[in-house]
Amino acid sequence: MAVIVILFFCSLLVAGGFLVAFIVATRRGQYDDVVTPPHRIMDDE
Amino acid sequence: MVETETTTARCKHCGDHIGSADMAARIGDDVFCCSGCASVFEILSSHNLCSYYSIDASAGSPQRNAVADTTDYDALDTPEILKKFTEWKSGDLQRISFYVPSMHCASCVWLLEQLHKIDEGIRHSDVNYLNKTVAVEFNSTITQASSIARLLSRVGYPPLLTIEGDEQQRLGARRHVLRGLYLRLGVAGFAMANIMMIAIAIYFAGGIAGLPAELQEIFPWTAIALSVPVFFFSASPWLKGALAALKQLPRRGLQTLTLDVPVALGMTAIFVRSIVEIITGTGEGFLDSFVGLVFFLLVGRLLLEKAYARISFNRTYKSFFPLWVRREKRASEEIVPLEKITVGDILIIRNGEVIPADGILMGDTAYIDYSFVSGESRPVVVRNSQLLYAGGKAAGGLIRMVATSTVQQSYLVKLWERSAVRNSGSVYETVSNTFGRWFTIATILIALTAFVIWLPDTSSAFLVFSAVLIIACPCALTIAAPIALGTAMGVLGAKGIFLRTANTLADLLRIRAVAFDKTGTLTEAISEPDFSALVVSDTERQMVGCLASQSSHPVARTIARHCTYNSATMHAVGVHEVAGYGISGTVNGAEIRIGTAGFVQHHDTVAATHISINGDYRGYVRQTPTLRQGIINLRRLPNRLLLSGDTDQDKELFKAVFGQQMFFGLKPDEKRQLITRVQHETGRILMVGDGLNDAAAMAAANVSIAVTDHTGTLAPASDVVMNASRIQDIPALLTYARQIHRVVWATFVFSLAYNVLGIGLAVLGRLTPVMAAIMMPASSLIVIAMSVAGAHYYARKHVWQ
């Protein structure tokens, strides 16, 4: 039964990793402007 | 004389149709509607930036009506002024940002990020499309802020260097609001998903006792660990709001009880209770419901923020006032920020600049254009040592004045603030504030009473107490009304109708009469000139065009567009323009006067632009108005009135819509009096005008709509700014306001029914806190869905099919 406990914490760890990635991205301003990049993608260069 | 195919030609820059007569410029195979468009094209083509035209077909804005840019960009190089625009500075490198309101498509973004190809001092520029700002990083040894601003203006994107422009480019603060919200939402979402996983395991095991022994310990404690950050971080906006309200309670009484209080109380009750249950081992807690609740409340708040971010309605006096002014100090001029003006300063206002503070004129006569403040479009003559009011525009020369007030105390700012007061406090706000306050008090009282009644049975009493607090959800008031109104504002914005505040929708209810201005509102602001009453030869016609092209007056510009001349062989000398009257000058030896009847010394009553050559009267040019499309639609409105300052020469055009309710030759103040009279006799009145000339009448009406050709126009006293092509939608707008009102009331009623039922069941002990916590976010979602769907449904199905 210990396996399920390890798996449980592993899944928490993985999800926690994504949460940390999300927090870092937000703090660096990734979500500050979600409107301009779709326009910018029209550029050829 | 001109090939027929050019009559259907389109301007290469702005894409507008051009008739042969007004084709102003031609470069190679490309034709342009005006020299403004042509010069933008020249700059772009000489720097290989013509892909601008292929990204978005409607990229260029017409430059025809753009008044010659008189902004004093040199002031930008004054360190004190530049500081306002600077993001950072290190050595020679500097990053400044400007608010550019004319940005509107992918091409705009592309071009504004290619600025380094035009000015080599620019290292890099980037655009924030939502905020309409462009940030430019440049080397200050190669280029200056003033030349960057001038470059933006030359390619058709003049930066707005007014107080509003300054505030807009500082909007960065708002980004951080959203950042905080995203972080709170991320944490709550993470906790919710994982606690749900635990809850599902417990559910399938048939309760916590069905789980293996080691998981019985681990699961509840993990859930606590996950929910603690949700309580202290994600839920903090409500907890802080409630704490602040409770702190104010002893001093300001029950009115401080905001809607945050029951929400925070409910959250705390369910959170603390769950923790106590888990620690004492008396139950499983309802942490899954708790995090779900916080998560959905945050989603609601985010949707709201997004809806508000799309709505920009900041046309106050702030978008009109400059950021700086020239002050005379010991016989020399200095540039100072506006807020540094003190009483007694000597200010220098150049032609076309706005007077920022009340003052007294020094020196001789000056012409002041007060159209913004009083609605009077003709310049006013002010003599030495007479009063000048802030908001006036210097017309026809430099003015020196002594300031007698600061900017904040000036007449215009006070006028604006007074009209802002009128706009606050709508039906919805009053209802939701009063209802919300009593709701909070009632909920707490009911919860306490129920607790006391159930008291012999302590555990049941606690359950009932938490259930009542949790199920009581004032969500229709906290979320639904703003979301319905916000969605409606978004829907209207997409249609070219911009509301000042969401409450304007409530003001549009029960309108009994609608008054319209004529010129610029029902007719196009720029109409086609009629040359049939003018007797001139071809050469003379060109000479008239040559002189007219020297003026920036709209009528003169229209004449110049229709009388093209060869600038190589024809020159105007001795040009003298008297603002509000006309222009005179000598072209190829002939003295030409263009202007009012008095100006050309002719007695004629026709309201038109008269022309004389060498003192010989040659007739007039009249502009026949072009009706805007769909005016006939306005017949659906109640009690239509036409208020016009012009003569009644176009009476027949409007008879179908207005019948006998037409009033001509009204002065701005007479318009205002008429509005007040109708208000007393008929009831609430809506005034539709062009924003500049009808300020007084619009301020007197209950609601006002400003109609404009390009949304950059200022509308001082108006509640709604509407794209001119949308004027036929005014009846639809009124219908829509009524339907949104119905949607809001429906959500109120739903929420009330839900609360009566829910609290009833909770008091009777028929509702466990788990059920309550599921029902509460569910009811919030239903209410949100009702309001969003309602706002879109009515817009699509019933109003704009």
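**A strand and its partners**

Modeller: In chain B, B:L93 stands opposite B:N139 in β6(B). Please keep in mind that this is a predicted model.

Colleague: How many bridges join β4(B) to strand β6 of chain B, and which way do the two run?

Modeller: Seven bridges join them, and the two strands run antiparallel. Strand β6 covers residues 133–139 of chain B, while β4 covers residues 93–99.

Colleague: Is β4 of chain B mostly covered or mostly uncovered?

Modeller: Strand β4 of chain B is mostly covered, as five of its seven residues are buried.

Colleague: What about strand β3 of chain B: how many bridges join it to β4(B)?

Modeller: Four bridges link β3, residues 86–90 of chain B, to β4(B), and this pair is antiparallel. Within the pairing, B:T86 stands opposite B:I96 in β4(B).

Colleague: How many residues are there between the strands in the hairpin of β3(B) and β4(B)?

Modeller: There are two residues between the strands, and in this hairpin B:G91 takes a positive phi near 65°.

Colleague: Let us change topic to helices. How many residues does helix α1 of chain B have, and how far does it reach?

Modeller: Helix α1, residues 35–46 of chain B, has twelve residues. From its first C-alpha to its last it reaches 16 Å, close to the 16 Å expected at 1.5 Å a residue.

Colleague: Which residues in α1(B) are buried?

Modeller: The buried residues in α1(B) are B:G36, B:C37, B:A38, B:V40, B:F41 and B:L44.

Colleague: And what follows α1(B)?

Modeller: The helix α1(B) is followed by B:N48, which has a positive phi near 60°.

Colleague: Now the other chain. How many residues of chain B are in contact with chain A?

Modeller: Chain B has 18 residues in contact with 17 residues of chain A. On the chain B side, the elements giving two or more residues are α4 (106–112), β5 (122–128), α7 (172–204) and α8 (213–234).

Colleague: Which element gives the largest share of that side?

Modeller: The largest share comes from α7(B), with seven residues. By class, the side of chain B that touches chain A has twelve nonpolar, three polar and three charged residues.

Colleague: Finally, how many helices and strands does chain B have?

Modeller: Chain B has 23 helices and 28 strands. Of its 801 residues, 44% are buried. Among contacts in chain B with a separation of 6 or more, 66% come from residues 24 or more positions apart.

Definitions and conventions
Residues numbered from 1 in each chain as written. Chains lettered and ligands numbered in written order. Predicted model: local features only at pLDDT ≥ 70, side-chain atom pairs only at ≥ 80, totals over all residues. Buried ≥ 20, exposed ≤ 12 C-beta atoms within 10 Å, placed from the backbone. Contact = placed C-beta atoms within 7 Å. Pairing = 2+ DSSP bridges. Expected span 1.5 Å × (residues − 1). Nonpolar A, V, L, I, M, F, W, Y, C, P; charged D, E, K, R; others polar.
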